[in-house]
Every structure is written in structure tokens, then in C-alpha cells.
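Please prepare a briefing on the structure shown below.

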Amino acid sequence: MSNFVTHADLRVDPALAAFIEGEVLAPLGHDAGAFWHGFAALLAEFAPRNRALLAHREALQQQLDDWHRAQRGTSVDPAAYRSFLEEIGYLVPEPGAFTIGTQNVDAEIAAMAGPQLVVPVLNARFLLNAANARWGSLYDAFYGTDVLDAPPARPGGYDQQRGAAVIAAGRRFLDEALPLVGQSWATMADEPDGKLADERQYVGKTAKGLLFRNNGLHIEVQFDRAHPVGKGDQAGISDIVVESALTTICDCEDSVAAVDAEDKLLAYRNWLGVIRGDLQESFDKGGKTQLRTLAEDKRYTSPDGSEHTLPGRSLLFVRNVGHLMTNPAILLADGSEIPEGIMDTVITSAIGALDVAGKGRFGNSRTGSIYIVKPKMHGPAECAFTNDLFDAVEDLLRLPRHTIKVGVMDEERRTSANLGACIHAVKDRIVFINTGFLDRTGDEIHTSMQAGPMQRKGAMKDAPWLKAYEARNVGIGLRHGLSGRAQIGKGMWAAPDLMGQMMAEKIGHLRAGANTAWVPSPTAATLHAIHYHREDVFEIQQGLGDVPGLEDLLTIPLATGTNWSDEEIRAELDNNCQGLLGYVVRWIDAGVGCSKVPDLNDVGLMEDRATLRISSQHIANWLLHGVVSEDQVMDALRRMAAKVDQQNAGDPFYLPLMENEDGPAFSAAKDLIFKGAEQPSGYTEPLLHKWRARAKEAI
Ligand SMILES: CC(=O)SCCNC(=O)CCNC(=O)[C@H](O)C(C)(C)COP(=O)(O)OP(=O)(O)OC[C@H]1O[C@@H](n2cnc3c(N)ncnc32)[C@H](O)[C@@H]1OP(=O)(O)O
Ligand SMILES: O=CC(=O)O
Ligand SMILES: [Mg+2]
């Protein structure tokens, strides 16, 4: 404790304090003393409120647990269940008719439809790549993934055969998005000469080719007969570059491992780097050192000869953590840790204020807004707390009211069930609702943990609650006027290598009325952008029908029987343990918060804290209800540990799980399962943080 510095009555990690004062407050021209006093006063008001909200969560969960225990052996009566939820205040009355009033929202959010990329903020190399993912090469995305119905690229240099398939697919895309009159892009021998079916699609000339727009998204067709691809192309097309990640979420939450001041400082420093515009990272790739910086804007000359630019970078959000965790980077007067969500809001907003003040090299928001994603809120009172907190932070930073916008993750059951009231609580600053179905599935299991054994994980995809949740989110968003003002977003494609499948399925998000949906990588953003050329989401939104009621949403996904075969139970358990261990070992030992973990069929799946919440809660639920025994779980963990060790054999820094059963990683995995039923809302953070802190101490 002696190495903290004291400001007002807060004890602050010295490196964090120096960062805030020197790199954030000084360029803003803010007085450090006033800031710390204001911050301390804000905490005096909001930390107790935060704690009370968490206590309320626990009280409701206790009532739910008791109710379900009392009902055991009978099937849940929907009417009685709903009355009970109303009685305990889990369900609150929906507000009357209202429309959100958010102002000063950038077009990428309010008026455009396109992919949303998420990136772990701690990884500067990825973060820069993500910010630059506004534009992506369609040729690269086609060449390197499984989207084409053609043999994969042969290793060892450019594969002409694969290249031909890529070029053909590129032409098909152009014919679809930018049809020509009486001609195909495939038969064109040179640049098109004004024969677009809709000539308004032509935007102008860039340094490398021609710029078009379809459904609000740009497409640059590059021509270069000296380029290795262009020289073999009959029209000299060297690439098709598409506008891809309109927005990117720089994630301080599900995809990072940040447990102390050192980690948080890196997160804030990286966020500052992209806001200030000077973040850079050099790394070795393919034996060559590369320096990555933020991309410049794209210049073009319009047909009337005037010069213009388009943003070269994605519009950035920052995802703060939720209300649950505390962090030792700053201690309150009583020695307790600061609520991490409050710390994130204050510091990421202060950094965002540099953008509002025009201090960044490029600028993020052109409308003077700071975009914060707030995850894991349970119900309207927690949203109202966020709204009040954002007001207080605006006052602290002397920002105009509602400068700080909020994206609400609809990823907890109490938020889905009271979504209209949640939106109402933040109605003048809301810029998105998004179905974070992964956390939402974890919360579905935890909320009804005591009700009985849950169906298998795979079956959840077709569960009535999930379908109602997705449809209600869009319907309620539209009802309150989000279309044209804010995003209605859908969840993550968690299979980064299955791009062919993504192309077949993720168009469903647009057809359901979402004007954005999450992708795990820039390549996925480029491919998913194609969907927005195929469908006009704003038109789809006009034609959507009624909003489903609460009945299906509140249907608990209990197994209809537990007479699964031994093989089925083993497969379920193995699958959960494999994903859990593969993720946890990297979180705890290496501090990596988002990993591609091979499943039992060696398909790499994106695992993060939300997917971990599902697998740990699912095993905990089956344990609680005797579907599996502790011995079976331990057996599965040991067998899967051997597999995970094998999968990581090529990593020289990897500590094998099998030789370290008492080590922090294996211990965390066991705790997540065996203590899973008692974790707050089934969250994984408390145990992950505890064991990561131990692992860091041991380094
Ligand atoms: C439930 C939720 O909350 S979902 C939201 C949280 N999830 C995320 O944020 C997912 C983010 N995605 C990722 O972290 C990664 O894509 C992973 C972990 C899934 C896979 O990572 P890897 O195995 O390293 O990917 P892979 O080897 O296929 O590709 C790496 C390349 O893609 C780039 N890349 C991959 N994902 C991203 C990303 N999200 N943003 C920017 N670049 C990315 C990397 O920069 C790298 O390129 P480079 O060598 O030129 O720097
Ligand atoms: O944060 C996203 C989710 O699915 O959880
Ligand atoms: Mg989540």
C-alpha cells in the first residue's frame, strides 16, 4: 500500500496517476487537483450505489433460487412464474410510448449499416489492425479463407488457380453490387465507362482506381496492370477494396485479462494511442519487421472535380467493464478497491475528451461524441445508474450533457425482459442495443440454476427464449425509434475460421433487422460487408412484424428428460471442459483474454469470458442436478487437459496443465466449475482475476 500516491482521499497507483495527469489531464488543460477531488466526490456517491445494485442482484437471485427449489419436481407454471417475477420486482412495468432523443451521433452508427468489429484493447497490434479495418481487401479475404467453392490456396507463393477463383468471385460480387448495363464486370476489358445500371453509384476516382457506393457502403475497384494480380486480369483489376468495419469496439471487457493497475494502464494507454492517433507497434511477421500505424483517410476526386476524403479508420467505441468487479489500481479512503466500471468510465471518457477537444491526429467522432459500450447490466435501475454516472463524469470533465453515448449490451436476462425500460433509462444517450447472446446464454443458465438440469448447449440455439430474445431486441429497438438514430446490433460470429459458414448464416442478422453485427476479425468484417450490399437493412426494418411477448422469453431451457446416453453426457462434458481449459490456461498463465481454442474436432473457436461463462455454468448446472458426478468432471478435465497440452505443444512458454494440477490455471478451471453455482450471476471474472493475480505474483 505504501507505493500508492494519495490524491484527495484516494490512493492511486503512481504510474496510473502519472499517466492520467501527464498524458490526459495536461493536454486537456484540466487541473489535476480539481480532477482528483471531483473523482473522489463522484466515488463517494456512486461506489455505494454500485454496491447496492450488486446486493439487489444477489437478493433477486436468492429469491429465484428459493422459488425454484420449492417448485422442484413440478414443471414451471408460466403464469405463476410471471406473477412471481413481477412480485419480486424482477419484471417492472414497461414505460409508455417514447422515442429516444440521442443527438450528435456519427453516421456510421445512426445512418449506415455494416459490420462491427471487436478487438481486445490490450493487444496493440490487433487494435491498430482493427482501427484500420474500415477498408479491407476482398481479394485477400477470398484468397485466404474457406468462402469459395474452390480448392484452397496451395502454400508457397501465389497460387494462380486459387487466384482465378478469387477474381471470378470478385466479379460476381461487382455484378451483384454494381450492375452494369448490358455487360458483366467479368467480360469488361478495361475500366467501366459510365455504364452502371444506377449511375449514382459512381463516387469518384482514387489514387488507385474507382470508387462506388451501394447501400451506403463504398467499394474501391483498383486497377494496376503492373501489379502481380492486375497484370493477369483482363481489365487490369488488382484488387477490390470494400468498406468493412464501420465501427470497432476496443474491448476492455470480455476479451481481455486485466486484473491490476499494470494491466489497466496498458488498456488505457492503448485507448489513448488510438484516440490521439499515434499508437504504433512494430512486430516480426514472416521474418520481416513491420511497423503498424493508423491508416490515413482515403482521398478521391468526385466527377465534378472536387476533392474529398472518406474515413480511413473505423469509428471507435470503447467497451468498459460492467458493474461487478473492483480493481486494486485505486483504493477508496476505507482501503477498499474502486469499482472498476466507474474507473473505466472516468478514465476512458477523459481520454475520449481529447477527441472531443480536437487533440487527436485524425479524430474519431465527427459529431463530438464519446462512445462507450456498457456490458452486463441487469435491468433498468442499473441502466439508470450508468446514465447518472455518465452525467457525473461529464460534469467532472466539463463535457456538454450527453457527450458520452452508451451502447447497451442486451446480454442479461433481466435486461432482455425489461428492455423498453432499460432503453428509457438511457434514452438521450443510447447509440446501440446489441444481443450479446453468449453472456445472455450464461445468464439464462445461472438465473434458473436451481430449476433443474438445462438442455444440452447445442440445443440452446433453437430454444424459444433465444428466438424471442433476438426478435424482441429488434422489435423493441424499432418501437423506440432506434432506426436512423442508433444501432440495433447482433452478436459475435465465434468461429473465426469458418468463414464459408458465416457467409451462409450471418446474412440472417440483416434479415432480422439488425443494422450491424459483430465479427471477430478484419477478414470477417470484409466478408460480412458483402451481406450489407445484398440487403437493405433499413428497408427490412420497415417491414418487420409484431414484437413477441414475454412468454417465450421466460421459457426456461430445461431438459425435457435427462435420459441421455453415457456417450452424449461424455461428449457434452468433454466439449465444455475442452473449451474451458483451452481458454483458461491462456488467461491465467499468459494473460490472454481472447483465444482461438480448437474444439474436439480441431475447429478453432473464439473463446472469451462470455463463452467461458456458458461452459462453466453448464457443467455446474449438470453437477448440481446429478447429471454428472464430481468424478466424471475431474476425469473429463484430466483427459481434456492432456488434449489442451498437446494443442499448445508448440508454444515454448506454455506450462502444461497435466504437470501442474495444483497450479493457478488448473485450479481456476476447477473453481469455475465446482464453485460455479455460487458465482455472482455465474460470472467468471472473480475467479479468473483471483487466479491470474496469483499467477502474476509467481512470475
Ligand atoms: C462475447 C463477446 O464479448 S465477443 C467480443 C470479444 N471477442 C473478441 O473481441 C474477438 C476478437 N478476436 C480475436 O481476439 C482473435 O481474432 C482471435 C483470438 C479470435 C483469433 O486470434 P488469432 O488466432 O491470433 O487469429 P489468426 O491467427 O487467425 O489471425 C491473426 C491476424 O488477424 C488479425 N486479427 C485477428 N483478430 C483481430 C481483431 N479482432 N482485430 C484486429 N485484427 C485481428 C491480427 O492482427 C493478425 O494479423 P497480423 O498478423 O497482420 O497482425
Ligand atoms: O459480449 C457479447 C456476448 O455475447 O456476451
Ligand atoms: Mg458479453
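What follows is a briefing grouped by topic.

This is a predicted model, in which local features need pLDDT of at least 70, side-chain atom pairs count only at pLDDT 80 or more, and totals for chains, interfaces and linings use all residues. Residues are numbered from 1 along each chain as its sequence is written, while chains are lettered from A and ligands numbered from 1 in the order in which they are written. Eight strands close into a barrel with parallel pairing, and 25 residues surround ligand 1.

**The barrel**

- The strand order in the barrel is β3-β9-β14-β17-β18-β19-β20-β21, where strands (E, at least two residues) and helices (H or I, at least four residues) are DSSP runs numbered from the N terminus, and two strands pair if DSSP finds at least two bridges between them.
- Strand β17 (residues 370-374) and strand β18 (residues 404-409) run parallel and are joined by five bridges, and I372 has V406 in β18 as its bridge partner.
- Helix α17 (residues 522-534) packs on the sheet, where it touches β3 and β21 (516-519), and its direction makes about 145 degrees with that of β21; two residues are in contact if their C-beta atoms, placed from the backbone, lie within 7 Å.

**The open four-stranded sheet**

- Four strands in the order β1-β2-β15-β16 make an open sheet with antiparallel pairing.
- Because β1 (5-7) and β16 (337-339) stand at the edges with a single partner strand each, one side of each is left without a neighbour in the sheet.
- Neighbouring strands of this sheet are turned by 60 degrees against each other on average, with direction ignored.
- Three bridges hold the antiparallel pairing of β1 with strand β2 (residues 10-12), and V12 in β2 is the bridge partner of V5.
- Helix α1 (residues 14-28) lies across β1, β2 and β15 (326-331), and runs at about 50 degrees to β1.

- Strand β5 (residues 202-205) runs antiparallel to strand β6 (residues 209-214), with three bridges joining them, and the two form a hairpin with three residues between them.
- Within this pair, the bridge partner of G204 in β6 is L211, and that of Y202 is F212.
- Strand β6 also pairs in the antiparallel sense with strand β7 (residues 217-223), over six bridges, and G209 stands opposite Q222 in β7.
- β6 and β7 form a hairpin with two residues between them, and N215 in the turn has a positive phi of about 50 degrees.

**Helix α20**

- Helix α20 (residues 566-590) has 25 residues and reaches 35 Å from its first C-alpha to its last, close to the 36 Å expected at 1.5 Å a residue; the expected span is 1.5 Å times one less than the number of residues.

**Surroundings of the ligands**

- The closest of the 25 residues around ligand 1 are V118, N129, A130, D254 and A610, a residue being near a molecule if its C-beta atom, placed from the backbone, lies within 6 Å of it.
- The elements that give two or more residues to the shell around ligand 1 are β3 (116-120), α5 (124-131) and β22 (595-598).
- The shell around ligand 1 has 14 nonpolar, five polar and six charged residues, where Ala, Val, Leu, Ile, Met, Phe, Trp, Tyr, Cys and Pro count as nonpolar, Asp, Glu, Lys and Arg as charged, and the others, Gly among them, as polar.
- The residues surrounding ligand 2 include D254, E411, D439 and A610, and by class this shell has six nonpolar, two polar and three charged residues.
- Helix α13 (residues 437-447) gives the most to the shell around ligand 2, with three residues.

**Annotated spans**

- An unreviewed UniProt entry lists "domain: Malate synthase TIM barrel" at residues 316-545; UniProt positions are given in the numbering used here, feature names are shortened, and annotations may be inferred rather than shown by experiment.
- Over residues 316-545 the chain is 46% helix and 16% strand, with the end C-alpha atoms 32 Å apart.
- The UniProt annotation "domain: Malate synthase N-terminal" (unreviewed entry) covers residues 31-71, a span that is 98% helix and 0% strand, with end C-alpha atoms 59 Å apart.

Methods: Axes fitted to C-alpha atoms, helices over the stretch in contact; angles between N-to-C directions.
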